[in-house]
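Keep the picture in view as you read.

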Amino acid sequence: MLAGVKNWALAAAGALVGVAAVIVLVWAFVLPDARQEGRKAERAATNEITLDAFKERAKDDAEREQMDTYDLCVDYFRHRGRVPECDTLRVRPVQEE
C-alpha cells in the first residue's frame, strides 16, 4: 500500500515538473514572439491610420489649391455662417461697355 502511495506521489511530482517545464518554455519562447507580433500589428495599424490621414490631407490641399480667395475665406469661416468680410474678396465679372 505504501509503495502505491509512493508511486502516485512520484507521478504527481513528475507531472508538476513537466507542467512547470512547459510553462517555462512557453514563457521563454512563445510569449516574446507573440508580444513582438502584437507590436508589429499595432505599428502597422498606426502607420495605416497615418497614411490615410496623409492621403485625406493631400486631397483637401488639392481641393483648396483650386479655390479662389473668396471660396477660401468662406471655407475658413464656414462655422460662422455668412461673413461680410469675405464679400470684399469676391471676384466681380468684368462688364463690357
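The questions below start with the whole chain and then turn to single residues.

This is a predicted model, in which local features need pLDDT of at least 70, side-chain atom pairs count only at pLDDT 80 or more, and totals for chains, interfaces and linings use all residues. Residues are numbered from 1 along each chain as its sequence is written, and side-chain values use heavy atoms, with hydrogens and water left out.

Q: In which helix of the protein chain is confidence highest?
A: Confidence is given as pLDDT, the predictor's score for each residue from 0 to 100. The protein chain has a mean pLDDT of 82, and 90% of its residues reach 70 or more. Confidence is lowest in helix α3 (residues 84–87), at a mean of 78, while the highest mean, 86, belongs to α1.

Q: In what order do the elements of the protein chain run from the N terminus on?
A: Helices (H or I, at least four residues) and strands (E, at least two) are DSSP runs, numbered from the N terminus. The protein chain has 3 helices and 0 strands. Its elements therefore run, by these DSSP runs, in the order α-α-α.

Q: What percentage of the 97 residues of the protein chain count as buried?
A: Buried means under 20% relative accessible area, exposed means over 50%, and partly exposed lies in between (1.4 Å probe, protein chains only). Of the 97 residues in the protein chain, the buried share is 5%.

Q: How many salt bridges does a search of the whole structure find?
A: A salt bridge is a side-chain nitrogen of Lys or Arg within 4 Å of a carboxyl oxygen of Asp or Glu. Searching the whole structure by this rule gives a count of 4.

Q: About how many helical turns separate K40 and E37?
A: The side chains of K40 and E37 meet in a salt bridge, at 4.0 Å from N to O. K40 is partly exposed, with a relative accessible area of 46%. Because K40 and E37 are 3 residues apart in helix α1 (residues 2–65), their separation is about one helical turn.

Q: How far apart are the closest N and O atoms of K59 and E56?
A: K59 and E56 both lie in helix α1, 3 residues apart. K59 is partly exposed at 45% relative accessible area, and E56 is partly exposed at 40%. In their salt bridge, the closest N and O atoms are apart by 3.7 Å.

Q: Is D75 buried or exposed?
A: D75 forms a salt bridge with R64, the closest N and O atoms being 2.9 Å apart. D75 lies in helix α2 (residues 69–76) and R64 in helix α1, so the pair ties together parts that are 11 residues apart in sequence. R64 is partly exposed at 36% relative accessibility. With a relative accessible area of 19%, D75 is buried.

Q: What kind of aromatic pair do Y76 and F77 form?
A: Rings of Phe, Tyr and Trp (its six-membered ring) pair if their centres lie within 6.5 Å; planes under 30 degrees apart count as stacked, over 60 as edge-to-face and the rest as tilted. A search of the whole structure finds 1 aromatic pair. The rings of Y76 and F77 have their centres 4.8 Å apart and their planes at 80°, so the pair is edge-to-face.
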